[in-house]
Amino acid sequence: MPIQVDSVKDSPLFPEQVDVVVIGAGIIGSCTAYELARKGVSVALIEKGVVAGEQSSRNWGWVRQQNRDPHELALAMYSLKRWGELAEETGRDLGFRRTGILYCAREQAELDKWENWSKAAREQGFHNELLTAAQARARMPGTVSEWKGAIWSPTDGRAEPSMAAPAIVEGAKAAGALVHQQCAVRGLDIAGGRVQGVWTERGLIKASRVVAAGGAWNSRFCRHHKIDLPVANIGGTAFRTHAAPDILTAGNVSGPGFALRRRVDGGYTVALPGHGTLNITPLGLRHATKFYQMYRAKLAKKLKYRINSSFWNGPEAAGTWRNDGPSPFEAIRVLDPAPDRDIVNTALSNIAREFPALRGVKVAAAWGAMIDTAPDLVPIISKVAQLPGLVIASGFSGHGFGIGPGAGRLASELATDTAPFVDPHPYRLDRFSDGSAIRRPEMM
């Protein structure tokens, strides 16, 4: 596995009963468990692999409000505030730095789109700066492009994916949460039409509330209980460089054909925005029609389509299992897809062409990840009407790292019937089944 993640020790005792079980110790599950524990709720955080072993340690590390879907902006604004508080609360470094984010454009149409978005965002209290061509060049002095302009958010920032979720989990443990890794949740214990606990490979944990935050595996877990969760797992690729010159006046920069984040180790995390792979799978085919607007709006020309072994044994495969026997979640402890070398080579070439100071920089490590993606790119944070006691937190569409603190708070509130701090209506699961039109994604 090319990813290095800060290790977390398991709790000494395995619980027989808690108030809430959280499935999955990525950034969403970690933040949910943290928020529950700090409120005095007894909670067990159960992870089939290791804390942050999948997408939560493989993302770009961007913590942004900028360019969010309008429905997601409230979560993003709250989350950025929490990112600034969590280090002090937990006593641990999450790698968070409020260093600003810059999006540069060569085309006027792109600037017009950002300007329209910014006007709407100001109504929610978010303010950024639209930069002229001269201002964009001043912000990006090391580039060769003649920028038409840019959009600059000085309050946005970055964090280290390898550090963040583990630090939050340690904070949750200190507040009383129980944490167990290498322990798959095989299924729910259901009686009288509602959740009574979870069956794990180590036995039953009784709980009246469960939060399913299993990332790429959530859809298959839900299907085990005849719940349709329409997400598509899109394979992404990113890489980190060896230490390289600091050529950014912002912590994160995005432009045509590249996205860069300065790392605390002196290198960069690099990606090719929007590009990825979609594996053909049984659950993917089941939900395909719901993704028409997304593919048309964003991804049709940037995705590769493949059929491989994931059709039979991946997170969107078909098949059933018993709660008292081995599950698919034990077969693949950490989902570790191979990176797309074409994407790595293209992104590396793009940054070398755009930033002369980065010519000759070497790739230290590259990795793949599976990104659970909702049809409208807005997350699903929702109770499940057909199964009281279950809350789903899924479909974060590559945005989960940045909005993890807000999503964790909302999921914790839904799980404890507490008044939610934001309107949960846009995140409801049944928007994909109640006859509502599926919105075309507005931003990425």
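The model is predicted, so local features need pLDDT of at least 70 and side-chain atom pairs count only at pLDDT 80 or more, while totals for chains, interfaces and linings use all residues. Residues are numbered from 1 along each chain as its sequence is written, and side-chain values use heavy atoms, with hydrogens and water left out.

Side chains of opposite charge can pair when their charged atoms come close. Here a salt bridge is a side-chain nitrogen of Lys or Arg within 4 Å of a carboxyl oxygen of Asp or Glu. Across the whole structure, the search finds 31 salt bridges.

One of them pairs E35 with R38, whose closest N and O atoms are 3.3 Å apart. Both belong to helix α1, which spans residues 27-38, and because they are three residues apart there, about one helical turn separates them. Helices are DSSP runs of H or I with at least four residues, strands are runs of E with at least two, and both are numbered from the N terminus. The two partners can also be described by accessibility, where buried means under 20% relative accessible area, exposed means over 50%, and partly exposed lies in between (1.4 Å probe, protein chains only). E35 is buried, at 3%, whereas R38 is partly exposed, at 44%.

A salt bridge also links the side chains of K48 and E54, with 2.9 Å from N to O. K48 and E54 are both buried. In the salt bridge between E146 and R137, the N to O distance is 3.6 Å. E146 is exposed, with 59% relative accessibility, and R137 is partly exposed, with 36%. Elsewhere, salt bridges with shared partners join E35, R38, K81, R82, E85 and E89 into one network.

On a 1 Å grid over the protein atoms alone, a cavity is a set of points where a 1.4 Å probe fits but cannot get out, and lining residues have an atom within 4 Å of a point. Grid points are joined across faces, edges and corners, and a volume is the space filled by probe spheres set on the points. The count gives one cavity of 30 Å³ or more, and the largest cavity holds about 560 Å³. It is lined by 42 residues, of which G26, A213, G214, G215 and A216 are the closest to its centre. Elements that each supply at least two lining residues include α1, α6 (218-223) and β19 (363-373).

Note on methods: 1 Å grid on protein atoms, 1.4 Å probe; cavity = no way out; pocket = protein on both sides within 12 Å on 5 of 7 lines; lining within 4 Å.
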